[in-house]
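Let's learn to read a protein model together, one feature at a time. Have a look at the picture before we start.

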Amino acid sequence: MIRAADADSYRGLPTVHPVHEEICRAIRHALREDGNDLAARPDAIDELTAQACAVFDEVVAVVTRDATSGASPGAAAVGDPAVPPGAGDQLRRGLDWAHSLRAGTALFEVMLPIALRELSPADETAAARVSVLLHQAVLARVVRGSLARMTALPDRALALRQDERRHIARELHDRVLHEIGLALQGIDMHQYHAESSPALARAKLNRAAGLLRQAVYTLQHFTTELRRSVGEGGLERALRSYLDTHADPAVDITVRTSGDLLALPPYVSEEAYLILREAARNALRHAAPSRLDLTVEVTDGTLYAAVTDDGCGFLVGATPGGNGLSSMRERAKVLGGELTLSSAPEVGTVVEVRAPLWERDL
């Protein structure tokens with residue numbers, strides 16, 4: 001344990017400390033050696049090393065307090081850690097602390113010898129005290145992060161459902177109600193012209209009937225979409241069903257898949273389907289493509305999917321985030337992944353999503 005005479009050397013530990021740098025290097029090395037997926041995610045590494053340095057500071061503070069106050073080694077414990085600035089943003093970007101339990105174990109194994117070296121406990125009891133404090137601090141962060149993520153995901157999923165409802169409400173207002181309104185006007189005009197101009201009256205009535213048929217078709221389309229889910233047939237069948245129903249036969253459509261799509265968890269399949277459906281719908285509705293390619297690849301640790309069209313394209317930087325783009329990005333975040341968009345006028349558009357598949361998902 002730290003002697004009271006040495007306590008001043010740990011009081012007010014600077015934010016940037018040589019030990020911090022050593023901890024960061026050691027954690028990166030340990031994750032790579034362990035083959036942990038987080039090693040390939042810079043945002044996760046930054047968050048993990050920041051938490052590790054905070055853990056070290058907390059343990060030093062408690063041990064120093066014990067030494068200077070003469071408290072019993074078992075009297076103090078590491079307090080409930082506050083999430084440091086930026087940690088909430090990391091969680092929202094998909095840092096899965098439940099999956100990071102392995103990383104937490106690696107963190108403990110890396111930091112224990114460093115903490116024992118720096119704190120120089122006087123005996124086995126003091127060394128055990130340092131070990132317990134370190135374990136408490138690491139575990140508290142894993143649990144706290146897991147709870148924060150479990151809270152964030154339902155909130156995000158609810159927001160996405162609300163966006164979908166708003167989209168359907170806009171379509172119903174802009175298309176269905178508009179078509180019905182025009183049909184009613186046509187019926188009124190038929191009645192107005194019925195005696196003076198029977199031919200014009202019939203034309204108005206025929207147009208009204210056509211508009212009502214279109215409104216019925218639109219309502220059937222939305223009813224189908226509200227009921228649609230990936231279901232037992234899997235992601236590929238759901239995508240092909242959507243394209244068979246909604247794509248212009250003149251568009252050359254290809255769906256390519258690799259890996260076991262049927263092994264995907266239902267929530268992954270559902271979110272991936274909604275992303276790809278929105279990207280395909282945007283292409284078919286706005287890009288006037290002659291070709292549309294959908295790709296879905298499932299590996300041991302990653303889901304990759306893309307929608308590529310050869311349509312009119314656009315300047316990405318000059319385009320507002322409409323057409324469901326923000327919704328697609330949020331759905332990708334729900335999966336812990338990222339969505340990218342590339343496009344150019346007269347070249348076409350590519351929408352890609354990459355998401356990790358954790359061991360618990362497969």
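**Reading the model step by step**

Q: Is Arg281 buried or exposed, and why?
A: Buried means under 20% relative accessible area, exposed over 50%, and partly exposed in between (1.4 Å probe, protein chains only). Arg281 has a relative accessible area of 7%, so Arg281 is buried. This is a predicted model, where local features need pLDDT of at least 70 and side-chain atom pairs count only at pLDDT 80 or more, while totals for chains, interfaces and linings use all residues. Residues are numbered from 1 along each chain as its sequence is written, and side-chain values use heavy atoms, with hydrogens and water left out.

Q: Which side chain does the side chain of Arg281 make a polar contact with?
A: A polar contact is a pair of N or O atoms within 3.5 Å; within protein, one must be able to donate a hydrogen and the other to accept it, and residues adjacent in sequence count only if both atoms are side-chain atoms. Here the partner is the side chain of Glu278, at 2.5 Å.

Q: Where does Arg281 lie?
A: Helices (H or I, at least four residues) and strands (E, at least two) are DSSP runs, numbered from the N terminus. Arg281 lies in helix H8. The protein chain has 9 helices and 5 strands.

Q: How do the strands come together, and in what order?
A: Strands of a sheet pair through backbone hydrogen bonds, either parallel or antiparallel. Two strands count as paired if DSSP finds at least two bridges between them. In this model, 5 strands make an open sheet with mixed pairing, in the order S1-S2-S3-S5-S4. Strand S1 (252–258) and strand S4 (338–344) are at the edges with a single partner strand each, so one side of each has no neighbour in the sheet.

Q: In which sense do S2 and S3 pair?
A: Strand S2 (residues 291–298) and strand S3 (residues 302–309) are antiparallel, paired over 7 bridges. Val296 stands opposite Ala305 in S3.

Q: Which strands does helix H8 touch?
A: Contact means heavy atoms within 4.5 Å. Helix H8 (residues 266–287) packs on the sheet and touches S2, S3, S4 and strand S5 (348–356).

Q: How many disulfides does the structure hold?
A: A disulfide is a pair of cysteine sulfur atoms within 2.5 Å. The structure holds 0 disulfides. For Cys53, the nearest cysteine sulfur is that of Cys24, 3.9 Å away. Cys53 counts as buried, at 10% relative accessibility, whereas Cys312 is partly exposed at 34%.

Technical notes:
Axes fitted to C-alpha atoms, helices over the stretch in contact; angles between N-to-C directions.
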